[in-house]
Amino acid sequence: MNLLGKKADTFAHGVREHVRLGPKISETAKGKLSLGARILQVGGLEKIFKQLFSFSEGEKLLKACQCYLSTSAGPIAGLLFISSEKVAFCSERSIKVPCANGEYLRVHYKVVVPVEKIKGVSQSENMKKPSQKYMEIVTVDGFDIWFMGFLNYHKAFKCLRQTISQGLDDVDTF
(Lines give C-alpha, C1' and ligand atoms only; values in the text may rest on other atoms or scores of the structure.)
Protein backbone atom coordinates (compact mmCIF):
# COMPACT_ATOMS: atom_id res chain seq x y z
CA MET A 1 0.00 0.00 0.00
CA ASN A 2 2.91 2.34 0.72
CA LEU A 3 4.23 1.88 -2.85
CA LEU A 4 0.80 2.72 -4.27
CA GLY A 5 0.65 5.88 -2.14
CA LYS A 6 4.11 6.94 -3.31
CA LYS A 7 3.18 6.41 -6.97
CA ALA A 8 -0.01 8.44 -6.54
CA ASP A 9 1.93 11.21 -4.82
CA THR A 10 4.57 11.23 -7.60
CA PHE A 11 1.87 11.40 -10.27
CA ALA A 12 0.02 14.20 -8.46
CA HIS A 13 3.25 16.14 -8.14
CA GLY A 14 3.93 15.66 -11.88
CA VAL A 15 0.49 17.03 -12.71
CA ARG A 16 1.05 20.02 -10.42
CA GLU A 17 4.44 20.81 -12.02
CA HIS A 18 3.02 20.36 -15.53
CA VAL A 19 0.09 22.72 -14.90
CA ARG A 20 2.27 25.25 -13.08
CA LEU A 21 4.33 25.89 -16.25
CA GLY A 22 1.28 27.09 -18.17
CA PRO A 23 0.35 30.79 -18.37
CA LYS A 24 -2.92 30.38 -16.42
CA ILE A 25 -4.43 27.30 -14.81
CA SER A 26 -7.72 27.85 -16.64
CA GLU A 27 -5.93 28.15 -20.02
CA THR A 28 -3.81 25.08 -19.29
CA ALA A 29 -6.87 23.04 -18.29
CA LYS A 30 -8.72 24.16 -21.42
CA GLY A 31 -5.73 23.17 -23.54
CA LYS A 32 -5.53 19.73 -21.93
CA LEU A 33 -9.24 19.11 -22.50
CA SER A 34 -8.89 20.22 -26.11
CA LEU A 35 -5.88 17.94 -26.59
CA GLY A 36 -7.72 15.00 -25.04
CA ALA A 37 -10.69 15.57 -27.33
CA ARG A 38 -8.38 15.75 -30.35
CA ILE A 39 -6.65 12.49 -29.38
CA LEU A 40 -10.02 10.74 -29.08
CA GLN A 41 -11.33 12.27 -32.31
CA VAL A 42 -8.29 11.19 -34.35
CA GLY A 43 -8.21 7.73 -32.81
CA GLY A 44 -5.20 7.69 -30.51
CA LEU A 45 -1.69 9.01 -30.09
CA GLU A 46 -0.17 6.80 -32.78
CA LYS A 47 -2.55 8.18 -35.40
CA ILE A 48 -1.75 11.75 -34.30
CA PHE A 49 1.97 10.95 -34.60
CA LYS A 50 1.49 9.56 -38.11
CA GLN A 51 -0.53 12.64 -39.14
CA LEU A 52 1.99 15.13 -37.81
CA PHE A 53 5.28 13.51 -38.82
CA SER A 54 6.56 11.33 -41.63
CA PHE A 55 6.42 7.70 -40.57
CA SER A 56 8.71 5.08 -42.14
CA GLU A 57 8.08 1.38 -42.65
CA GLY A 58 8.95 -0.56 -39.52
CA GLU A 59 9.04 2.53 -37.31
CA LYS A 60 7.38 2.05 -33.92
CA LEU A 61 5.97 4.70 -31.62
CA LEU A 62 7.43 3.82 -28.21
CA LYS A 63 6.13 6.61 -25.99
CA ALA A 64 4.13 9.80 -26.17
CA CYS A 65 3.98 12.21 -23.28
CA GLN A 66 2.81 15.70 -22.47
CA CYS A 67 5.55 18.15 -21.61
CA TYR A 68 6.90 21.61 -22.39
CA LEU A 69 9.61 22.57 -24.85
CA SER A 70 11.84 25.29 -23.43
CA THR A 71 12.29 28.21 -25.84
CA SER A 72 13.73 31.71 -25.51
CA ALA A 73 10.13 33.00 -25.62
CA GLY A 74 9.09 30.70 -22.75
CA PRO A 75 7.82 27.13 -22.43
CA ILE A 76 5.57 25.71 -25.14
CA ALA A 77 3.11 22.97 -24.15
CA GLY A 78 2.86 19.97 -26.41
CA LEU A 79 3.41 16.29 -26.99
CA LEU A 80 6.79 14.59 -27.10
CA PHE A 81 6.85 11.46 -29.26
CA ILE A 82 9.65 8.92 -28.92
CA SER A 83 9.79 6.41 -31.75
CA SER A 84 12.32 3.84 -32.85
CA GLU A 85 13.51 6.33 -35.51
CA LYS A 86 13.07 9.84 -34.09
CA VAL A 87 12.23 12.12 -31.20
CA ALA A 88 9.54 14.60 -32.20
CA PHE A 89 7.66 17.41 -30.46
CA CYS A 90 4.52 19.22 -31.58
CA SER A 91 2.90 22.10 -29.75
CA GLU A 92 -0.66 21.70 -28.46
CA ARG A 93 -1.64 25.06 -29.90
CA SER A 94 -0.69 26.71 -33.15
CA ILE A 95 1.49 29.81 -33.11
CA LYS A 96 1.37 32.84 -35.39
CA VAL A 97 4.23 33.35 -37.84
CA PRO A 98 4.51 36.34 -40.19
CA CYS A 99 4.18 35.77 -43.94
CA ALA A 100 5.84 37.71 -46.74
CA ASN A 101 2.54 39.45 -47.57
CA GLY A 102 2.34 40.91 -44.04
CA GLU A 103 -0.36 38.56 -42.81
CA TYR A 104 0.06 35.86 -40.20
CA LEU A 105 -0.14 32.10 -40.63
CA ARG A 106 -0.99 29.76 -37.75
CA VAL A 107 1.21 26.66 -37.56
CA HIS A 108 2.15 24.12 -34.90
CA TYR A 109 5.65 24.42 -33.45
CA LYS A 110 7.47 21.20 -34.34
CA VAL A 111 10.89 19.77 -33.56
CA VAL A 112 12.14 16.50 -35.08
CA VAL A 113 15.48 14.86 -34.33
CA PRO A 114 16.41 11.51 -35.91
CA VAL A 115 17.75 9.08 -33.28
CA GLU A 116 21.06 8.75 -35.15
CA LYS A 117 21.57 12.54 -34.86
CA ILE A 118 21.30 12.48 -31.05
CA LYS A 119 24.67 12.61 -29.30
CA GLY A 120 23.21 12.17 -25.84
CA VAL A 121 20.51 12.92 -23.33
CA SER A 122 20.96 14.23 -19.83
CA GLN A 123 18.77 15.09 -16.91
CA SER A 124 18.97 17.96 -14.47
CA GLU A 125 16.89 19.58 -11.79
CA ASN A 126 16.33 23.00 -10.33
CA MET A 127 18.74 23.39 -7.40
CA LYS A 128 16.17 25.34 -5.36
CA LYS A 129 13.25 23.07 -6.33
CA PRO A 130 14.55 19.51 -6.97
CA SER A 131 11.05 18.44 -8.02
CA GLN A 132 11.45 20.55 -11.19
CA LYS A 133 13.25 18.21 -13.56
CA TYR A 134 14.60 18.95 -17.03
CA MET A 135 15.68 16.75 -19.91
CA GLU A 136 18.31 17.90 -22.41
CA ILE A 137 18.87 16.35 -25.82
CA VAL A 138 22.20 17.20 -27.43
CA THR A 139 22.54 16.63 -31.17
CA VAL A 140 25.70 15.68 -33.06
CA ASP A 141 25.72 19.14 -34.67
CA GLY A 142 25.73 20.91 -31.29
CA PHE A 143 22.10 21.84 -30.68
CA ASP A 144 20.60 21.62 -27.19
CA ILE A 145 16.89 20.93 -26.86
CA TRP A 146 15.35 21.21 -23.40
CA PHE A 147 12.09 19.64 -22.20
CA MET A 148 10.38 20.05 -18.83
CA GLY A 149 7.08 19.70 -17.01
CA PHE A 150 6.56 15.98 -17.67
CA LEU A 151 3.66 14.20 -16.05
CA ASN A 152 5.96 11.19 -15.59
CA TYR A 153 9.52 12.39 -16.02
CA HIS A 154 11.28 9.15 -15.09
CA LYS A 155 9.39 6.96 -17.60
CA ALA A 156 9.99 9.46 -20.42
CA PHE A 157 13.71 9.76 -19.62
CA LYS A 158 14.16 5.99 -19.35
CA CYS A 159 12.43 5.40 -22.70
CA LEU A 160 14.48 8.11 -24.41
CA ARG A 161 17.75 6.84 -22.99
CA GLN A 162 16.95 3.25 -24.05
CA THR A 163 15.95 4.37 -27.56
CA ILE A 164 19.17 6.34 -28.01
CA SER A 165 21.37 3.52 -26.70
CA GLN A 166 19.66 1.04 -29.04
CA GLY A 167 20.11 3.46 -31.92
CA LEU A 168 23.82 3.75 -31.12
CA ASP A 169 24.11 -0.04 -30.90
CA ASP A 170 22.61 -0.34 -34.40
CA VAL A 171 25.23 2.01 -35.89
CA ASP A 172 28.31 0.29 -37.30
CA THR A 173 31.51 1.56 -35.69
CA PHE A 174 34.97 1.24 -37.17
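Two strands count as paired if DSSP finds at least two bridges between them, and strands here are DSSP runs of E with at least two residues, helices runs of H or I with at least four, numbered from the N terminus. This is a predicted model, where local features need pLDDT of at least 70, side-chain atom pairs count only at pLDDT 80 or more, and totals for chains, interfaces and linings use all residues. Residues are numbered from 1 along each chain as its sequence is written, and side-chain values use heavy atoms, leaving out hydrogens and water.

**View 1. Meet the hairpin of β1 and β2.** Strand β1 (residues 61-69) runs antiparallel to β2, and 8 bridges join them. Look for Lys63, whose bridge partner in β2 is Ile82. Between the strands sit 6 residues, and Gly74 has a positive phi near 115°.

**View 2. Now follow β2 into β3.** β2 and β3 (residues 86-98) pair antiparallel over 5 bridges, and Leu80 has Phe89 as its bridge partner in β3. Because 8 of the 8 residues of β2 (residues 76-83) are buried, that strand is largely enclosed by the rest of the structure. Buried means under 20% relative accessible area, with a 1.4 Å probe and protein chains only.

**View 3. Here's the open sheet of 7 strands.** Its order is β4-β3-β2-β1-β7-β6-β5, with antiparallel pairing. β4 (104-114) and β5 (118-125) are the edge strands, each pairing on one side only.

**View 4. Finally, helix α3 (residues 45-52) and its buried residues.** Ile48, Phe49 and Leu52 are buried in α3. They cover an arc of only 100° around the axis (taken from the directions from the helix axis to the C-beta atoms), so they lie on the same side of α3.

Note on methods. Buried < 20%, exposed > 50% of the residue type's maximum accessible area, 1.4 Å probe, protein only.
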